[in-house]
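Hello,

Here is the structure I promised to hand over.

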Amino acid sequence: MNQEFFYIMQRLGIHPHPDRYKYYFKQFFHGYNFEGKRVLDIGGGSGVLSFFAAANGAKDVVCLEPEDAGSTSGASKVFTQIKSAGGYLQASILPITFQEYVNGDVGKFDLIVSNASINHLNEDAVVDLQTNPESLALYCDIVQQLREVLTPGGALIIADATRRNFFGDLGLKSPVCTTIEWHKHQNPAFWIKLFRDCGFALVRKEYQTFNVLGDWGKLILGNAIFSYFYGSLFILEFKISA
């Protein structure tokens with residue numbers, strides 16, 4: 001990992017604990033080799049994942065953050081600060097949705113990442129994906145678009161929350177994930193089936209744990225049972241099936 005990236009994050013006040021941040025990226029990317037790759041970060045916010053890719057050898061990184069449209073503050077402001085501090089000229093941010101972006105000639109990407117954004121690709125449809133054929137068809141179209149802009153052998157990494165959580169099931173606000181609307185999410189098994197039906201192959205599934213506990217925390221707590229009582233956060237990695 002590029003150490004300078006973590007110093008920049010610390011200096012800008014984005015994350016005060018570089019060691020914990022390193023484990024977050026280790027778990028999310030699972031040793032992915034960025035050298036010379038083209039990366040698309042969907043719903044990337046201020047671009048932290050984008051800049052990690054750029055700092056570690058990616059040749060071109062596009063961050064999509066539609067919620068920052070028309071604004072010179074928020075995500076784009078932080079994005080500009082990180083870009084300037086690190087000199088990551090190969091990274092850019094666009095205030096548009098994935099659907100708007102792929103309407104143009106965008107080429108192919110070696111890696112697509114979606115951190116807490118897969119449900120935002122169509123928030124109305126994601127609520128009743130399991131019961132409404134029209135909503136399912138809409139999301140199938142989105143998944144096919146993801147497939148079309150991936151290179152052969154390209155990877156797609158999704159991190160999100162499950163639909164079920166201990167606090168959500170009790171009608172309470174989670175002390176860990178205070179802003180999550182659980183009914184706007186889907187469980188890993190559902191996403192796995194949907195992506196497989198659309199030509200993707202699952203290569204990794206894991207649950208996120210406390211970064212401070214590192215690999216020991218992952219070994220002991222990285223399971224669906226603990227996740228249900230904690231943050232219900234998971235990571236899925238897919239590749240295009242042959």
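Serine 227 sits in helix H11 (residues 224–229). Helices here are DSSP runs of H or I with at least four residues, strands are runs of E with at least two, and both are numbered from the N terminus. Serine 227 counts as buried, at 2% relative accessibility. Buried means under 20% relative accessible area, exposed means over 50%, and partly exposed lies in between (1.4 Å probe, protein chains only). Not counting residues up to four places away in sequence, serine 227 touches Asn165, Tyr207, Ser232 and Leu233. Contact means heavy atoms within 4.5 Å.

Before going on, a word on the source. This is a predicted model, in which local features need pLDDT of at least 70 and side-chain atom pairs count only at pLDDT 80 or more, while totals for chains, interfaces and linings use all residues. Residues are numbered from 1 along each chain as its sequence is written, and side-chain values use heavy atoms, with hydrogens and water left out.

Back to serine 232. It lies in the loop between H11 and S7. Serine 232 is buried, with a relative accessible area of 1%.

Alanine 116 also has a positive phi, near 60°, and is not a glycine. Its place is the loop between S4 and helix H6 (123–127). Is alanine 116 buried or partly exposed? Alanine 116 is partly exposed, with a relative accessible area of 41%.

Now the sheet. It is open, has seven strands and runs in the order S3-S2-S1-S4-S5-S7-S6, with mixed pairing. Two strands pair if DSSP finds at least two bridges between them. Strand S3 (91–94) and strand S6 (200–207) stand at the edges with a single partner strand each, so one side of each has no neighbour in the sheet. On average, neighbouring strands are turned by 15° against each other, direction ignored. Axes are lines fitted to C-alpha atoms, for helices over the stretch in contact, and angles run from 0 to 180 degrees between N-to-C directions.

Strand S4 (residues 109–115) and strand S5 (residues 150–161) run parallel, joined by six bridges. Isoleucine 112 stands opposite leucine 156 in S5. Helix H7 (residues 133–148) packs on the sheet and touches strand S1 (38–42), S4, S5, S6 and strand S7 (233–240). The direction of H7 makes about 135° with that of S5. H9 packs on the sheet too, touching S5, S6 and S7. The direction of H9 makes about 10° with that of S7.

Next, the cores. A nonpolar core is a set of buried Ala, Val, Leu, Ile, Met, Phe, Trp, Tyr and Cys residues joined through side-chain atoms within 4.5 Å. The largest has 34 residues, and those with the most contacts inside it are Leu40, Phe98, Ile112, Tyr139, Leu156, Trp191 and Phe195. Helix H9 (residues 188–197) gives the largest share, five residues. A second, separate core has 32 residues, including Phe51, Cys63, Phe79 and Tyr88.

Phenylalanine 5 lies in helix H1 (residues 3–11). It is buried, with a relative accessible area of 0%. Which residues does phenylalanine 5 contact, leaving aside neighbours within four places in sequence? They are Phe25, Val48, Phe51, Phe52, Ala55 and Tyr88.

Last, two helix pairs. The axes of H2 (residues 18–29) and H3 (residues 48–55) come within 12 Å and cross at roughly 85°. H2 and H3 are therefore roughly perpendicular. Angles of 65 to 115 degrees count as roughly perpendicular, under 35 as roughly parallel, over 145 as roughly antiparallel and the rest as oblique. Tyr21, Tyr24, Phe25, Phe28 and Phe29 in H2 meet Val48, Leu49 and Phe52 in H3. By class, this contact has eight nonpolar, no polar and no charged residues. Ala, Val, Leu, Ile, Met, Phe, Trp, Tyr, Cys and Pro count as nonpolar, Asp, Glu, Lys and Arg as charged, and the others, Gly among them, as polar. Eight of the eight residues of H3 are buried, so H3 is largely enclosed by the rest of the structure.

H2 also packs with helix H10 (residues 214–221), at about 50° and with axes 10 Å apart. Tyr23, Lys26 and Gln27 in H2 meet Gly214, Asp215 and Lys218 in H10. This contact divides into one nonpolar, two polar and three charged residues.

Best wishes
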